[in-house]
Amino acid sequence: RWFVRLLLVVISVAVPVAALSLLPAWAVQAADTTVPQYGAPSYLNGSPVGGGAGYTGTVSASQADYVVSTPAALKSALASAASGQIVYVADGATITLSSDSQMYSTGAGVGFYVRPGVTLAGGRGNAGVTPGTIQVASGFRSNGWCYLIQCGTGADVCGLNLYGNQDSTASGYTWTAIRCGVSTEVYNSEVHGFGYAGITALPDITGVWVHHNYIHHCRGIGHGYGVEVAAVSGVLSHDDDFHLASALVEGNIIDYTRHCIANQSGRGSYTFRYNYLGASAAYEAQCDVHGQNDDPGGSPDTMTIVGGQYVYCAGDTVQIYNNTSACTNANEFVGARGFPYGSNTILVHHNWLKVTGDPCLIV
């Protein structure tokens with residue numbers, strides 16, 4: 001019914017070569033413009049992995065329909081913007097979310113809502129520009145579930161610095177930077193300090209594209225996902241297995257997480273490719289696929305089969321290939337913790353790893 005295929009190149013020395021100032025020191029590698037046989041290129045689709053200086057698809061203030069520099073102006077512009085319009089955080093501006101009154105929904109914890117088809121942008125990567133920042137005030141809602149940004153269908157986020165207030169490995173962290181909508185694109189942004197997750201695709205959210213970002217210090221105990229693909233609602237039931245979630249995650253730099261990417265069981269699918277994972281990329285499995293081996297702590301039993309399918313499956317289709325990892329402090333590169341849905345697979349190949357004795361894969 002299922003299998004895990006593994007083809008990895010294991011190396012015991014750091015990735016060599018000439019410095020690229022746009023990358024952290026651990027990611028220094030030759031300026032590959034094509035995908036090498038193993039590992040990630042330094043440039044993907046003409047732009048540096050991780051985005052920033054040299055990114056070719058930047059947005060500027062002159063392209064925007066709204067340019068904002070305060071929380072009130074941002075909330076107002078997002079409420080007014082129509083599909084196809086751009087709301088731009090002014091260069092050098094810092095917008096701080098610090099009170100419930102600034103939020104769209106205090107109950108659901110939605111800081112700023114980006115309506116369907118709208119782009120929320122900043123100037124990251126533009127020459128001579130300090131990109132706009134949206135941040136969470138120190139201590140604000142530190143014990144409540146909250147999203148800094150929630151996207152409607154087809155809404156995009158790009159070119160911003162997004163800073164949370166939870167950058168350590170403490171427990172109880174509940175902030176996520178971006179909750180995606182269907183077909184959301186998140187690119188060329190820096191995401192830092194969100195204890196639950198940097199970017200998440202929840203049940204029934206499909207077609208998410210996360211690329212050319214620098215995602216780091218999202219590492220809260222028990223959570224701590226750089227990117228999360230979660231097809232289950234959190235309350236397990238026989239119905240939960242038949243929701244979908246999917247994301248393409250490529251060309252990112254990821255460091256200081258618990259899991260660089262995670263699938264929260266059910267029919268979550270992801271492709272994780274062409275990413276650089278730092279020396280401290282994860283302190284548990286770098287690429288995680290939850291499944292039947294995780295005890296849900298109640299009913300149904302993890303091995304229950306309904307309609308010929310496992311109720312609590314380890315993803316739908318998962319592909320992990322052509323990534324470069326300098327991380328040696330995780331127990332494994334891939335943690336596949338159960339059976340994929342139906343006859344689908346977890347496919348792992350052509351990754352370039354630095355390994356010092358820990359296993360590359362657990363099933």
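**Rings, charges and a histidine**

Modeller: Happy to, starting with one tyrosine: Tyr196 has a relative accessible area of 12%, so it is buried (buried is under 20%, exposed over 50%, partly exposed in between, with a 1.4 Å probe and protein chains only). A word on the basis: this is a predicted model, where local features need pLDDT of at least 70 and side-chain atom pairs pLDDT 80 or more, while totals for chains, interfaces and linings use all residues. Residues are numbered from 1 along each chain as its sequence is written, and side-chain values use heavy atoms, without hydrogens and water.

Colleague: What share of the residues in the chain is buried?

Modeller: The chain has 363 residues. Its secondary structure comes to 1 helix and 32 strands (DSSP runs numbered from the N terminus: H or I of at least four residues for helices, E of at least two for strands). The buried share is 58%.

Colleague: How many aromatic pairs does the whole structure hold, and why is the pair of Tyr104 and Tyr113 edge-to-face?

Modeller: The search finds 6 aromatic pairs, counting rings of Phe, Tyr and Trp (its six-membered ring) with centres within 6.5 Å; planes under 30 degrees apart are stacked, over 60 edge-to-face, the rest tilted. For Tyr104 and Tyr113, the centres are 6.2 Å apart and the planes stand at 70°, so the pair is edge-to-face.

Colleague: Which aromatic cluster includes Trp145?

Modeller: Trp145 and Tyr196 pair edge-to-face, with 5.2 Å between centres and 75° between planes. This pair links distant parts of the chain, 51 residues apart: Trp145 is in the loop between β9 (133-136) and β10 (146-151), and Tyr196 in the loop between β15 (190-192) and β16 (197-201). The cluster is Trp145, Tyr196 and Tyr225.

Colleague: Which residue lies over the face of Tyr341?

Modeller: A charge sits over a ring if NZ of Lys or CZ of Arg is within 6 Å of the ring centre and within 35 degrees of the ring normal. Lys75 does this for Tyr104, at 5.5 Å from the ring centre. Over Tyr341, at 3.9 Å from the ring centre, lies Arg267.

Colleague: Which side chain makes a polar contact with the side chain of His211?

Modeller: His211 lies in strand β17 (residues 205-211), and at 4% relative accessibility it counts as buried. A polar contact is a pair of N or O atoms within 3.5 Å; within protein, one must be able to donate a hydrogen and the other to accept it, and residues adjacent in sequence count only if both atoms are side-chain atoms. At 2.9 Å, the partner is His212.
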